[in-house]
Amino acid sequence: MPSRITCEVYDGSPVTVVRLRGDLDLGTMRTVDSALEGCLADQPDALVVDLGDVTVRDPLALSVFAATARRAAGWPAVPVVLCAPPPEAVGWLAQSTACRVVPVRHDRAEATRVANAAAAPRLRARLEPVAEACRRARELVTDACAWWQLPEAVGPASLVLSELVGNAVRHAGTPMRVTLTLRRPHLHLAVADGSPASVRAGSPDLRAEGGRGLMLVRELAQRWGSAPVGDGKVVWAMLPAN
């Protein structure tokens, strides 16, 4: 009989808690990965994974939590904390990469406190796919960098975010959700739109008038990428925030 696992999501804003029940192995880890990815798509301030009702059938399956934490570090820049692991999993976690990437706490209350304390300040806005959206994106960066005292980040962050927004205006043509997050040592910029079409930094002809937006993002950002979100996608970038 195949193993089974369930994922119960509790949106206790600002911290989302996912309670797992059942057997965790190489088969069910895909279910867990999908559930955690769905939680990240909602851009919580922090994510706690409760392992109190989990039986770990294969230690290799614990790698799903390290993968989730690494993905969350790029976008949506949220801390991930594990709690209440079963006794047999405590040693495995300590020996695995998961424990080096994801904090582990004794119970949910303690994990929630740790996650909440690690949550980063954010600025969110909804923009329509119009020409003025790029100007509004630059204004958001100016406001955020003033609040967070990051004067040196205004120039590069304004350029990167306006290019991400402009790309969504030109190619997605849908309303978009813009998020700026300060999770030191990085400033995270993200634009989610309603188009599932993938993006990539191209290599336009030198005589072309456009097509260089994502090339600029690639050159200015320390990391950047995209991920599917619901029926659309998010494109994100990380810049230094010294």
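Reply: Axes are lines fitted to C-alpha atoms, for helices over the stretch in contact, and angles run from 0 to 180 degrees between N-to-C directions. The model under discussion is predicted.

The sheet is open and has five strands, in the order β1-β2-β3-β4-β5, with mixed pairing. At its edges stand β1 (5-12) and β5 (104-105); each has a single partner strand, so one side of each is left without a neighbour in the sheet. Strand β2 (residues 15-24) pairs with β1 in the antiparallel sense, over eight bridges. Within that pairing, Val 9 has Val 18 of β2 as its bridge partner.

Two helices lie across the sheet. Helix α2, formed by residues 63-74, lies across β2, β3 (46-56) and β4 (80-83), and runs at about 155° to β4. Helix α3, formed by residues 87-95, lies across β3, β4 and β5, and runs at about 125° to β3.

The axes of α6 (residues 132-147) and α7 (residues 154-172) come within 8 Å and cross at roughly 150°, and the crossing is right-handed. Among the residues that meet there are Ala 133, Ala 137 and Val 141 in α6, and Ala 157, Leu 161 and Val 165 in α7. By class, this contact of α6 with α7 has 10 nonpolar, four polar and one charged residues.

Terms used: Residues numbered from 1 in each chain as written. Predicted model: local features only at pLDDT ≥ 70, side-chain atom pairs only at ≥ 80, totals over all residues. Heavy atoms only, no water. Pairing = 2+ DSSP bridges. Helix = DSSP H or I, 4+ residues; strand = E, 2+ residues; numbered from the N terminus. Contact = heavy atoms within 4.5 Å. Left-handed = near helix turned anticlockwise from the far one by under 90°. Nonpolar A, V, L, I, M, F, W, Y, C, P; charged D, E, K, R; others polar.
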